[in-house]
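Here is a quick tour for someone meeting this structure for the first time. Take a look at the fold, then read on.

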Amino acid sequence: MAESPSHSHNRTSRTAITGGSLALFAFFVAFAGFLGLSQGLLKPETGFRLFLLGVALGLVSLAVSSIGMYQTRRAPGRKLALSGVVISCLLLAPVAPHVFNAFSVPPIHDITTDTDNPPDFVDILPLRADAPNPSDYGGEAVAAMQKSAYPDITPLMLDLPPPETFARARKLVEARGWKLAGADPEQGRIEAVAQTRMMKFRDDVVIRITPAPDGSRVDMRSVSRFGQSDIGVNARRIREFLKDLASS
């Protein structure tokens, strides 16, 4: 028996309703995760997983709403289906570049200018006590991936005495708004906590300044507390810091 038009319209409208409702739910789930992260209301892993759940639901709602738009081309509910598509796209658009970037960089979160003898954390270790990622360097496997992806991450050589380089590096750390965790002029070591802009993830930084034949050598290490991949954030942080230090 052929399906009646009214029954078909009701069915397709339910698809549109499902898509639109799911899009709203996905948006609020992702927003709750983002808010929990940015305001420190949730643990990083909890907030990030909640955010990822919202993104995943956004993908599902986009698919369902798209089907709803097709089914409602001659039936009620097209505007509702369209709203589901729009809300899903608004949720997914800011995330898409980061997803693509994640696939373009290696799945590492510990970057250093000296992979043979990475600068060690000292004062910052108590702050990393509950961090999912360890403070110990990952060894040759991590070093090989870093060298392949970021061959430009190398020590900075300056024709300045170590004390002057140390002072400039500390001043630059403070100018960036990083939270200073330790500064030892005798050891030439500066430790600080940096936060990512959007998610407010805490990454730990250590800068090591040693004498060189013509002045100073600056090594730097930046490590994420959470997440297998840093999507290039730590390498970019080191690159930009050393560039600014060289021109200061």
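Phe31 is partly exposed, since its relative accessible area is 42% (buried means under 20% relative accessible area, exposed over 50%, and partly exposed in between, using a 1.4 Å probe and protein chains only). You'll find Phe31 in helix H1, residues 5-38 (helices are DSSP runs of H or I with at least four residues, strands are runs of E with at least two, and both are numbered from the N terminus). Along the chain, Phe31 and Gly54 are 23 residues apart, yet their C-alpha atoms are separated by 7.8 Å.

A quick word on what you're looking at: this is a predicted model, where local features need pLDDT of at least 70 and side-chain atom pairs count only at pLDDT 80 or more, while totals for chains, interfaces and linings use all residues. Residues are numbered from 1 along each chain as its sequence is written, and side-chain values use heavy atoms, with hydrogens and water left out.

Back in helix H1, there's also Ser13. Ser13 counts as buried because its relative accessibility is 17%.

## How H2 and H3 pack

Two packed helices are described by the angle between their axes and the distance between the axes. Helix H2 (residues 44-71) and helix H3 (residues 78-92) pack at an angle of about 150 degrees, and their axes are 8 Å apart (axes are lines fitted to C-alpha atoms, for helices over the stretch in contact, and angles run from 0 to 180 degrees between N-to-C directions). H2 and H3 are therefore roughly antiparallel to each other (that label is for angles over 145 degrees; under 35 is roughly parallel, 65 to 115 roughly perpendicular, and the rest oblique). The crossing of H2 past H3 is left-handed (the near helix is turned anticlockwise from the far one by less than a right angle; clockwise would be right-handed).

On the H2 side, the contact includes Gly54, Val55, Gly58 and Leu59, and on the H3 side, Arg78, Ala81, Leu91 and Leu92 are among the residues involved (contact means heavy atoms within 4.5 Å). Sorted by class, this contact has ten nonpolar, eight polar and one charged residues (Ala, Val, Leu, Ile, Met, Phe, Trp, Tyr, Cys and Pro count as nonpolar, Asp, Glu, Lys and Arg as charged, and the others, Gly among them, as polar).

Leaving aside neighbours within four places in sequence, Val55 is in contact with Ala30, Leu91, Leu92 and Val95. Take Leu92: it sits 37 residues from Val55 in sequence, but the two are 6.6 Å apart in space, C-alpha to C-alpha.

## The nonpolar cores

The largest nonpolar core has 29 residues, and Trp178, Ile207, Val218, Met220, Phe241 and Leu245 touch the most other members (such a core is a set of buried Ala, Val, Leu, Ile, Met, Phe, Trp, Tyr and Cys residues joined through side-chain atoms within 4.5 Å). Several elements each supply at least two residues of this core, including helix H5 (140-149), strand E5 (202-212), strand E6 (215-224) and helix H7 (233-247). H7 gives the largest share, five residues.

Which residues does Ile207 touch? Not counting residues up to four places away in sequence, the list is Val173, Gly188, Arg189, Ile190, Val218, Asp219, Met220 and Phe241. A second, separate core has 13 residues, with Leu22, Ala30, Phe51 and Phe226 among them.

## H6 against H7

H6 and H7 pack at an angle of about 125 degrees, and their axes are 10 Å apart. That makes H6 oblique to H7. Here the crossing is right-handed. Arg168, Ala169, Leu172 and Val173 of H6 meet Phe241, Asp244 and Leu245 of H7. By class, that's five nonpolar, no polar and two charged residues.

## Two last stops

In the loop between E6 and H7 sits Ile231. Its phi is positive, about 45 degrees, although Ile231 is not a glycine. Ile231 counts as partly exposed because its relative accessibility is 23%.

Finally, there's Phe100 in helix H4, residues 96-104. Phe100 is exposed, with a relative accessible area of 62%. Phe100 and Gly20 are 80 residues apart along the chain, and their C-alpha atoms are separated by 26 Å.
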